[in-house]
Amino acid sequence: MPDLKGAGIKVIHKCTSVRHSLKAEKIGCDAVSVDGFECGGHPGEDDIPNMILLPRAAEELSIPFVASGGMGNGQQLAAALSMGADGINMGTRFIATKEAPVHQNVKEALVAASELDTELIMRPLRNTERVLANGAVQKILEKEKALGDEIQITDIMDEVAGVYPKIMQEGTMDAGAWSCGMVAGLIHDILLEGAR
Ligand SMILES: Cc1cc2nc3c(=O)[nH]c(=O)nc-3n(C[C@H](O)[C@H](O)[C@H](O)COP(=O)(O)O)c2cc1C
């Protein structure tokens, strides 16, 4: 690791498993963010939800860790702390806020979605990503089914490459796959900071 500590920088590594967290600890990271299976984005390939992953991380780690994945309210923060985490990292929930610099369509899609509306894509590529279900995601899943283990990233390039500006800035919601967690089921409003 470059001399980040010498420059006064704290290193927080993102992990999706206890073994990767322990490796981060071993190589000198100051803390880890532990992402459970329910998280938006890349949950890894072990599929361990936070109800198990967080207490397991607490059993093994000496460095502090924050709970990531599925976090959307104060009750969950309290639950994460009680399972041994030192804080939480929120992803999806922060998008549905007035301050988030993304298109209104994205925020409204999160309010409209339930906990059943995410899909896992790119599993055959061992690059699993949890995304909000939409037309582009449906296409990816159909290609994954048809091509099986033969699938290459190039087969789904149209649905995953360079799509974020179209979705986040232009609000074209079917332009491609975008990361979204199961916590969408707990998002019922577009919040303003300090509103609660
Ligand atoms: C739209 C979106 C984009 C993300 N992009 C990244 C990224 O580029 N790198 C990364 O490490 N995590 C990324 N994440 C994952 C978050 O950092 C965080 O681990 C995750 O959102 C936590 O789960 P939650 O969405 O259930 O709160 C992204 C998440 C979302 C929702």
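A residue is classed as buried if 20 or more other C-beta atoms lie within 10 Å of its own, as exposed if 12 or fewer do, and as partly exposed in between, with C-beta atoms placed from the backbone. The structure is a predicted model, in which local features need pLDDT of at least 70 and side-chain atom pairs count only at pLDDT 80 or more, while totals for chains, interfaces and linings use all residues. Residues are numbered from 1 along each chain as its sequence is written.

Most residues other than glycine have a negative phi. M122 has a positive phi of about 65 degrees and is not a glycine. M122 sits in the loop between β5 (118–121) and β6. M122 counts as partly exposed because it has 18 C-beta neighbours inside 10 Å. R126 lies in the loop between β5 and β6. Its phi is also positive, near 55 degrees. R126 has 8 other C-beta atoms within 10 Å and is therefore exposed.

Strands (E, at least two residues) and helices (H or I, at least four) are DSSP runs, numbered from the N terminus. Two strands pair if DSSP finds at least two bridges between them. β2 (residues 31–35) and β3 (residues 65–68) are joined in the parallel sense by 4 bridges. V32 has F65 of β3 as its bridge partner.

The largest nonpolar core has 40 residues, of which V34, A67, A177 and A184 touch the most other members. Such a core is a set of buried Ala, Val, Leu, Ile, Met, Phe, Trp, Tyr and Cys residues joined through C-beta atoms within 7 Å. Elements giving two or more residues to this core include α1 (18–26), α2 (50–60) and α5 (104–112). Domain 1 (5–90) and domain 2 (94–186) each supply at least three residues to the core. The domain bounds come from an automatic or database assignment.

The ligand has 19 residues around it, and G40, G41, G91, T92 and G181 come nearest. Here a residue is near if its C-beta atom, placed from the backbone, lies within 6 Å. Domain 1 and domain 2 both contribute to this shell, so the ligand lies between them.
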